[in-house]
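Trainee: I'm new to this one and would like to learn how to read it. Could you walk me through it step by step?

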Amino acid sequence: MTHSEMAWEFAGLFHELKIEEINEVLAKNVPMEMLEFFESYGKDVASAEGVVGDTAKRLPNLLLLGYLLRVLEERLLPEEPGGAAS
């Protein structure tokens, strides 16, 4: 499976989850400090880049989804020679 295929599968699966299930995924895979970091960093980036409204509110979630996708990649994709995931 390629990175792109994995991202599309992840997005489709995540879209189907109920709020309780999303919270369970977060609780099992993301430390509270990381959640706090994404919230703070997202606000800082939005402010620095002039992003406002709903887009600014969604930025921490986008960062979090990227993090979850990376965690999934590290768990599922085989390592290439030299230590980097494919």
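This is a predicted model: local features need pLDDT of at least 70, side-chain atom pairs count only at pLDDT 80 or more; totals for chains, interfaces and linings use all residues.

Trainee: What counts as a salt bridge?

Mentor: Side chains of opposite charge can pair when their charged atoms come close. The rule here asks for a side-chain nitrogen of Lys or Arg within 4 Å of a carboxyl oxygen of Asp or Glu. By this rule the count comes to four salt bridges.

Trainee: Where do Lys28 and Glu24 lie?

Mentor: Both sit in helix 2, four residues apart, about one turn of the helix. Helices here are DSSP runs of H or I with at least four residues, strands are runs of E with at least two, and both are numbered from the N terminus. Another pair, Lys43 and Glu39, is in helix 3 (residues 32-49), also four residues apart, with the closest N and O atoms 3.6 Å apart. In helix 4, Arg70, Glu73 and Glu74 are linked in a network of salt bridges.

Trainee: Is Lys28 buried or exposed?

Mentor: Buried means under 20% relative accessible area, exposed over 50%, and partly exposed in between (1.4 Å probe, protein chains only). Lys28 has 61% relative accessibility, so it counts as exposed. Glu24, at 42%, is partly exposed.

Trainee: Which residues are buried in helix 1?

Mentor: Met6, Phe10 and Phe14. Seen down the helix 1 axis, the buried residues fall within an arc of 60° (taken from the directions from the axis to the C-beta atoms), so they line one face of the helix. The face turned away from that buried side carries the exposed Trp8, Glu9, His15 and Glu16.

Trainee: How many residues make up the largest nonpolar core?

Mentor: In soluble globular proteins, nonpolar side chains tend to be buried together. A nonpolar core is a set of buried Ala, Val, Leu, Ile, Met, Phe, Trp, Tyr and Cys residues joined through side-chain atoms within 4.5 Å. The largest one has 11 residues, among them Met6, Phe10, Ile22 and Leu64. Helix 1, helix 2 and helix 4 each give two or more residues to this core.

Terms used. Residues are numbered from 1 along each chain as its sequence is written. Side-chain values use heavy atoms; hydrogens and water are left out.
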